[in-house]
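Here are my notes on the model. Please read them with the structure open.

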Amino acid sequence: MRWGIVLFVTILGLGEATAQQAMSGSWRPTDPRFVDTPFRKAPRPIIGALREPLERLPQIENFQVIGYNPLPNPGGSIARGRNGPLGISGHCLYVGSRIGRRPGTGPAFGTPALPPEVLIVDISNPRRPTVVGSFPTILNATSRELRTIPDANTLIIMNFREVGPDTGEVNNYQIYDITDCRRPVLKQTLSLGQDRPHEFFLWRDPREPARFLLYSSIHLGDVREPSLRVFELMAPPTGPVSSMPVATFTLTPALPRTQPVDPSEYRDDHFRFDPGGKPPIQRNNVHSMSVSPDGTRVYVANIHGGYYILDSTRLALKLPCTRDTVTVDETSNTDPNLCLRKLNPDPKARVDLTPPYGWTEHSIYPVPGRPYLLVSGERNGTDTCPWSWGTILDVSNEKNPQFVSRYLVPENLEANCFVGGPGDPALQREFSPHQHLVFPNLFFTSWYSAGLRAWDISNPVLPMEVGVFVPRPAAQVVERFRDSPDVWVWPHPMLYNGLIYISDENSGLYVLRYKGPRCDELPRQGLFMSNTNFLAPPAQVPGSSHSSP
């Protein structure tokens, strides 16, 4: 099932080069093919700011830089590069690794590969974040995601194999005791065997705070369904945990894990730099998910299979339920006893964008207290212009989501994919939105080479970009992502005691204050994340609506 999107072109008044030349301010290309928004200052409707050239960075609008650290290797002084996810507990901030070895080691550097490290940063003074320690994780595995449970003194690190064979030694979740946050102690490991996890959501039971459900996707390699698996953790870091899921879900075999696709169904202008790259096969396993605060809804991004919503009421309430959901046909998800049940039981009822677009369905987040979802694709590669954009869905009718609007940057416009334009592969950049931090009227997004962007969605029909932070890359980096000199802002943004913490994969950690519209709506105390339901807008009490915070 596909829905059309109305882009308010007449409202935007997109300008060509002649219009741009009449606008004073920042640099703009002069090629007449170039398309931009005419709004030089925030707020900008639907289409955000053009990224400035590398030599003109930093690009800052409605943000203030409070602190910075380049995040060197242990014992080093320059940026290590290949920074991964962030987590915060007390005065400690943790930074994982996106590769399975210490940056700058391994055969390509003529040295033995050393294990990757999670860096520990003291943020007691956010103006001077300081690396105070590190600890190794697993050689050949990337610590691609991590979460903290501060009041339970727990750190959970998700690892998956980067090189070598797939085994439980590299594909797992490690559970640490961080009572002393500078000295994490590994207590337990939840093994996934040969299956590689990719993203996870950590849900805390508001009725039983010692109970956690870890929702994990299985994404890379020779994926075996079910690609959505849920594990129960009791009283971490030392309470019982089992590698046996308490619930699973798959759309197969009704939607095959892989299926042929006619390459002609893709848009030609999404493969301008690789006209022969239209894939003849699409993959339909789960990429990521998020969970409503009360735990009764799971919002799923299914790579090329689209977005849909599951009913997880029985699982959330600890009621007896059928553990495994296998979707054979339109009757499979009608059983009310399933732990996870697709709300619209028709396997074809999905918000499906690929094809015609050339990306994967990557992220999905509910807007607290409002009947909307933020979804966004991801398209990797520096030669894949126009990359992907974000979309707002209305889920007033959860069985039949509807498109409301798009949000994007100029580099996401097909018209800008030409040699010499903003999407030129020679620039070694990528413009896909990646991870979100969501509040009722405002959200922040890590947008790879577009940096960190802030959007006002008080009127979801007309999202307005209200903040831009694109750092100037570090001059020296031990190991750069894709050997690119550019900006790569990748992880989940986090709000902690009123400040935003974000990292660039190459250049290090930034502490920011947002100063734009609706800044007074951001909480001044506490830790706020959009990959958990706790330490965020409070979890619901029993009987409240599904979408409220």
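Contact here means heavy atoms within 4.5 Å. This is a predicted model: local features need pLDDT of at least 70, side-chain atom pairs count only at pLDDT 80 or more, and totals for chains, interfaces and linings use all residues. Residues are numbered from 1 along each chain as its sequence is written, and side-chain values use heavy atoms, with hydrogens and water left out.

1. Start with Ser449. Leaving aside neighbours within four places in sequence, Ser449 is in contact with Arg51, Arg429, Glu430, Phe431, Val470, Asp486, Val487 and Trp488. Its relative accessible area is 0%, so Ser449 counts as buried (under 20%; exposed is over 50%, partly exposed in between; 1.4 Å probe, protein chains only).

2. Ser449 sits in a loop, between strands E28 (442-446) and E29 (452-456). Strands (E, at least two residues) are DSSP runs numbered from the N terminus. The Ser449 side chain reaches the backbone oxygen of Val487 at 2.9 Å.

3. Now strand E9 (residues 154-161). Eight of its eight residues are buried. E9 pairs with strand E8 (residues 141-149) in the antiparallel sense, over seven bridges; two strands pair if DSSP finds at least two bridges between them. Glu145 has Met158 in E9 as its bridge partner. The hairpin of E8 and E9 has four residues between the strands, and Asn153 there takes a positive phi near 50°.

4. E9 also pairs with strand E10 (residues 172-177). The sense is antiparallel, over six bridges. Thr154 stands opposite Asp177 in E10.

5. Look next at the open sheet of four strands. Its order is E18-E19-E20-E22, with antiparallel pairing. E18 and E22 (341-342) are the edge strands, each pairing on one side only. Strand E20 (residues 307-311) pairs with E22 over two bridges. Leu310 stands opposite Lys342 in E22.

6. Which residues lie nearest the centre of the second largest cavity? They are Glu199, Ser288, Met289, Tyr365 and His492, out of a lining of 14. Strands E12 (196-204), E18 (288-291) and E23 (360-366) each give two or more residues to that lining. A cavity is a set of points on a 1 Å grid over the protein atoms alone where a 1.4 Å probe fits but cannot get out; lining residues have an atom within 4 Å of a point.

7. The structure holds three cavities of 30 Å³ or more.

Key: A polar contact is a pair of N or O atoms within 3.5 Å; within protein, one must be able to donate a hydrogen and the other to accept it, and residues adjacent in sequence count only if both atoms are side-chain atoms. On a 1 Å grid over the protein atoms alone, a cavity is a set of points where a 1.4 Å probe fits but cannot get out, and a pocket is an open set with protein on both sides within 12 Å along at least five of seven lines; lining residues have an atom within 4 Å of a point. Grid points are joined across faces, edges and corners, and a volume is the space filled by probe spheres set on the points.
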